[in-house]
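Please have the sequence and the coordinates open as you read.

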Amino acid sequence: MGKRSRQRQKNQSSGVGRDNRDNGSWGAGYADIVKENQLFEDYYKELGLVPEGEFEQFMDAMREPLPATIRITGYKSHAKEILHCLKEKYFKEIQEVEIDGVKLEAPTPLSWYPDELAWQTNMSRKIIRKSPLLEKFHQFLVSETESGNISRQEAVSMIPPLLMKIESHHKILDMCAAPGSKTAQLIEMLHADMDVPFPEGFVIANDVDNKRCYLLVHQAKRLNSPCIMVINHDASIIPSLQVATDGWREALFYDRILCDVPCSGDGTMRKNIDVWKKWTTANSLHLHGLQLRIAIRGVEQLAVGGRMVYSTCSLNPIEDEAVIAALLEKSEGALELADCSADLPGLKTMPGVSSWKLMTKEGQWFNDFSEVPSSRHTQIRPTMFPHTDKDKLASFHLDRCMRVLPHHQNTGGFFLAALVKTAPMPWNKRAPKVNTHLSSLASRVRAMLVCVSHVCVSHLTPSAPPRPPPHKRKKMFGFKEDPFVFLSEDDPVLAPIQSFYDLSPNFPKLNVLTRSHEGKKRHLYMVSKELRNVMLNNSERMKVINTGVKVWSRNSDGEQFGCAFRLAQEGIYTLYPYIRSRMVTVSVEDIKVLLTQENPFLSKLQSKAHAQAKSLGMGSIVLRYQPNPEEPLEPQCPIELCGWRGKTSIRAFVPRNERFHYLRMLGVEVFRDKSGQRGAPREGGEEPKEGGEEPREGGEEVETKEDTEMASGDIVGDSEGKMESDQP
């Protein structure tokens, strides 16, 4: 990789604005950094982006710590149960807490986020450590975050996906995706209907930094979706992909694109305190070109009629309106700005500006490119200034851009613009279309080439256009991933699985893949049909870091029970609609037994579940809970758990944090004190009983045996069927 490429990758991967902005602050550190930067104040005061009379409020807000925000995962069927638990238990109890004689403010919902699924709190880590009740709340957040049910994400970072208007059939590209909180939102929106295991749409999440891609994988994997693929490319030159449609290979265009570009990050000063001392106008000048290249590459791959949201956590017009104006001018009418001002009622924003100036780090101002000396033309470009043609500038409607100012709703600073593509980009109109029929491709190539004495002569008709030389295969950098190998319909692995679980005839066998060409298949994964299409037709074009949700894991002792693969909890919601056997219907009391006892006997289940379990042979099973509308105090959402039917016992195979999640839904709380020991004393000073491994109802807090045995998702073996770890 050349010097320029390395610098470009460094800019994309380490831009201040993208590094940590997706994770809400919890009031940590930086006490000795002085929150002063005179150049910053002079610059934004002169630009006039802040309404008259509000600049002091703006600066005061920038110096205050950023409130923490959490978002409840919207597509999970039990999002309402989590919200109910938060509102009725933790938030109510927090209202009664006093710290140093001052009552705490309870968390409040973000007024503009749908269905009260996003909340904000001013509690810092320091305050949390002062109260056992707040420590319980913190542990709840950590556990639910690991389970994928809650995401700790900055408020303004939640806005771009909401403006994209995602539908379940949309093909989505997230160009600069790490660390992945926005990507998680996109996945949730695809899975709005949980009864559809494989939405027609998918999310391709890209990042230039190989290491940050694994952070992205971690975020995405919490959602257990078969419709997400993580790739590793420079966003400004991200490859064009192809898909097979009705026997023809065509270019892939995306319905929605999120273009959240690297930026100088001066909107994150409340959280990234070191920006105060590092900020200079030179940061924006250095990033403007990269931001424009990424945005151009994005709209090139956008389908006509599609929507791309461009966003930064910078308030600087050089990174914001200047990029949008340059993009609109280059599009020659193929793009237009959408008016999103009414899309999120309750969100306070400022309209985009059509006039701005440029300042160097030495404090020198330029109103127009004609004023810039030639010695600075390599650093300062014409696209950084407003268009000189006032009529053309007005036609851009830059006022439809949106800028979020920190003092208006106690948030970070942010900029957004939604672009709609109305026609192909002008430079794409003349490009040849990729339109190759797959069945005839090989025969056509053979007919065109005649090899004589090891010399290939191309037989082209006189009217055929000259073809460019073949592209060199791109060299991929970073860790070499294991292969993604799709199984054939007649793969011998699938027959016993089909029989053992009585999979329905419409089960998509071709969507099953593994991660090795040779040897025993350890895990089986599934992707959607559309992602399979993308992978099979672009293996040489893109570097895939991760895709697929794990649905089965090999069990070394399983073959004696009829199937060598047991169900994996990660993929149970994907597989469940196709499974017609090996199911046990359980009640709330049954789930409590299964999640709090290591290896309960079958006799501990209630009569219905006991009878169903006894009728099944040994091996992997599905434990299914159906809500009862006549019992409003019980969970009102379906629950599917993986389990194992032993000779005389039964158990659930659920990772620790998910186990805690389901127990909380059932009214059982599990809490560990700061030393990692059993639960803290109950109200009134009463200590829990010795040897209390099992959580009890009524808000009692004790530590389960699974708290240690199931740490990090490890699985403990059944005496009748030894299980290997469920980890990859």
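By class, how many nonpolar, polar and charged residues does the lining of the largest cavity have? The lining has four nonpolar, one polar and three charged residues, where Ala, Val, Leu, Ile, Met, Phe, Trp, Tyr, Cys and Pro count as nonpolar, Asp, Glu, Lys and Arg as charged, and the others, Gly among them, as polar.

Before going further, a word on the source: this is a predicted model, in which local features need pLDDT of at least 70 and side-chain atom pairs count only at pLDDT 80 or more, while totals for chains, interfaces and linings use all residues. Residues are numbered from 1 along each chain as its sequence is written, and side-chain values use heavy atoms, with hydrogens and water left out.

**The largest cavity**

The structure holds four cavities of 30 Å³ or more, and the largest cavity has about 40 Å³ of space. A cavity here is a set of points on a 1 Å grid over the protein atoms alone where a 1.4 Å probe fits but cannot get out, and lining residues have an atom within 4 Å of a point. Grid points are joined across faces, edges and corners, and a volume is the space filled by probe spheres set on the points.

The lining of the largest cavity is made by E81, I82, C85, F140, E144, H661, R664 and M665. At least two lining residues come from each of α5 (79-94), α7 (132-146) and α22 (656-665). Helices are DSSP runs (H or I, at least four residues), as are strands (E, at least two), numbered from the N terminus.

**Helix contacts**

Two packed helices are described by the angle between their axes and the distance between the axes. Axes are lines fitted to C-alpha atoms, for helices over the stretch in contact, and angles run from 0 to 180 degrees between N-to-C directions.

| Helix pair | Angle | Axis distance |
|---|---|---|
| α3 (38-47) and α4 (55-63) | about 140° | 11 Å |
| α7 and α22 | roughly 115° | within 8 Å |
| α20 (588-596) and α22 | about 150° | 10 Å |

With that angle, α20 is roughly antiparallel to α22, whereas α3 and α4 are oblique to each other. Angles under 35 degrees count as roughly parallel, over 145 as roughly antiparallel, 65 to 115 as roughly perpendicular and the rest as oblique.

The crossing of α3 and α4 is right-handed, while α7 and α22 cross in a left-handed way. A crossing is left-handed if the near helix is turned anticlockwise from the far one by less than a right angle, and right-handed if clockwise.

Where α7 meets α22, Q139, F140, S143, E144 and E146 face N657, F660, H661 and R664 in contact, meaning heavy atoms within 4.5 Å. This contact of α7 with α22 has two nonpolar, four polar and three charged residues. On the α20 side, L594, L595 and T596 meet R659, Y662 and L663 of α22, a set that divides into four nonpolar, one polar and one charged.

**Backbone details**

Most residues other than glycine have a negative phi, and most peptide bonds are trans. What kind of peptide bond joins A178 and P179? That bond is cis, with omega at about 5°, and P179 sits in the loop between β7 (171-174) and α9 (181-190).

N224 has a positive phi near 50° and belongs to the loop between α10 (210-221) and β9 (228-231). R582, which is not a glycine, has a positive phi of about 60°; its place is the loop between α19 (572-575) and β29 (583-585).

Technical notes. 1 Å grid on protein atoms, 1.4 Å probe; cavity = no way out; pocket = protein on both sides within 12 Å on 5 of 7 lines; lining within 4 Å.
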